[in-house]
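Biologist: Please put the model on the screen, and then I will ask about its metal site, its helix ends and its pocket.

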Amino acid sequence: MIQVTELGYMGVGVKNLEEWKNFATSIVGMELVDDGESDRCYLRMDYQHHRIILHADGSDDLSYLGFRVAGAEEFSAMQSQLSTAGIKFQVGAREEAEERRVLEILKLNDPGGNPIEIFHGPEVQFSKPFHPARPMHGRFKTGAGGLGHCIIGEKDLAAAQRFYTQLGMRGGVEYKIRMGKRVLELVFMHCNERDHTVAFGVGGPDKRLNHVMIEVDNLDDVGLTYDLVRKNKVPVTIKPGKHSNDHMYSFYFRNPSGWMFEYGWGARAATHQSEYYSEDVYGHQPESGGFDISPNKPENR
Ligand code: FE
């Protein structure tokens, strides 16, 4: 089976590009790249040309997730794999690949309607060391684990799990959380050493994207970012704590689009046997809006 190897990049639509630029650089620490295109700019986290593309399209939501395959052979074999599974896709023209700074690209939708891109050959700029926009103790932990993970909205969890399995991912239910009489099940899928690259099962009926997790290699950067978030009165949605599945020590805060960033350190590698949990190791108490970013909640308006 051909497997995607990482979440290589993601595109997000934003209403206020200037506010986002300031947030991504001075709070999160990413490097801003402006290639002179009026409708977009890029955020760097390592040697790659970009990891996040900000599109000034007003949507304040996910535009697409870009999953990498190893090379041209895998890119071609992935097309056969998708066809065999009855999954429709479109191979992008050369211009579409060049727009993303990759060698080849194909586009499709997951069962929840989230736009997905599969590519190989991102532009890597070894002549341009990553330069965080504000001081960092360490660096973003990307590498073989890709840019991080994200939780997206899916109406049909089983269909979503089948779809991501067809991309070569593994995973399943990792949390069963009792909420009154209801048990909330969360599904986590991985494609590399990172515990999960994509997950689904939480609310977010109004947005495709619940949160994106970015990891740092130095615990002090979680503390530094937490202080910056508090100092700038950015709403903290989940207080610092440690997850049971990936063992990430992290906290969550709201970005200018209303979905969340999770900023974490110290994750363990994906387990190769299934497990599930009913609560976190410690912490992660909800604060401003908690895990549910739905604007129907008064505190999220
Ligand atoms: Fe997370």
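This is a predicted model: local features need pLDDT of at least 70, side-chain atom pairs count only at pLDDT 80 or more; totals for chains, interfaces and linings use all residues.

Modeller: Residues are numbered from 1 along each chain as its sequence is written, and side-chain values use heavy atoms, with hydrogens and water left out.

Biologist: Which residues are the protein donors of the iron ion?

Modeller: Donors are N, O and S atoms within 2.8 Å of the metal (3.2 Å for Na, K and Ca), and sites may look incomplete because water is not among the atoms. The donors here lie 2.0 to 2.3 Å from the iron ion and follow the spacing H-x61-H-x50-E along the chain. They are His149 (NE2), His211 (NE2) and Glu262 (OE).

Biologist: Is Glu262 buried or exposed?

Modeller: Buried means under 20% relative accessible area, exposed over 50%, and partly exposed in between (1.4 Å probe, protein chains only). His211 has a relative accessible area of 1%. Glu262 has a value of 0%, so Glu262 is buried.

Biologist: Which side chain makes a polar contact of 2.8 Å with that of Arg194?

Modeller: Arg194 sits in the loop between strand 11 and strand 12 (198-200), and counts as buried because its relative accessibility is 9%. A polar contact is a pair of N or O atoms within 3.5 Å; within protein, one must be able to donate a hydrogen and the other to accept it, and residues adjacent in sequence count only if both atoms are side-chain atoms. A polar atom of the Arg194 side chain also lies 3.0 Å from the backbone oxygen of Lys141. The side chain that makes the 2.8 Å contact is that of Glu215.

Biologist: Which residue caps the N-terminal end of helix 1?

Modeller: Helices (H or I, at least four residues) and strands (E, at least two) are DSSP runs, numbered from the N terminus. Helix 1 covers residues 17-27, and its buried residues include Leu17, Trp20 and Phe23. After the helix comes Gly29, with a positive phi near 95°. At the N-terminal end, a side-chain oxygen lies 3.3 Å from the backbone nitrogen of Glu18, and the capping residue is Asn16.

Biologist: What is the phi of Lys233?

Modeller: Most residues other than glycine have a negative phi. Lys233 is found in the loop between helix 5 (219-231) and strand 14 (236-242), and counts as exposed because its relative accessibility is 72%. Lys233 is not a glycine, yet its phi is positive, about 55°.

Biologist: Is His284 buried or exposed?

Modeller: His284 also has a positive phi, near 60°. His284 lies in the segment after strand 17 (282-283). Its relative accessibility is 9%, so His284 counts as buried.

Biologist: What is the volume of the largest pocket?

Modeller: On a 1 Å grid over the protein atoms alone, a pocket is an open set of points where a 1.4 Å probe fits, with protein on both sides within 12 Å along at least five of seven lines; lining residues have an atom within 4 Å of a point. Here 31 residues line the largest pocket, with Ile177, Leu184, Leu186, Val202 and Phe291 nearest its centre. Grid points are joined across faces, edges and corners, and a volume is the space filled by probe spheres set on the points. For the largest pocket the volume is about 720 Å³.
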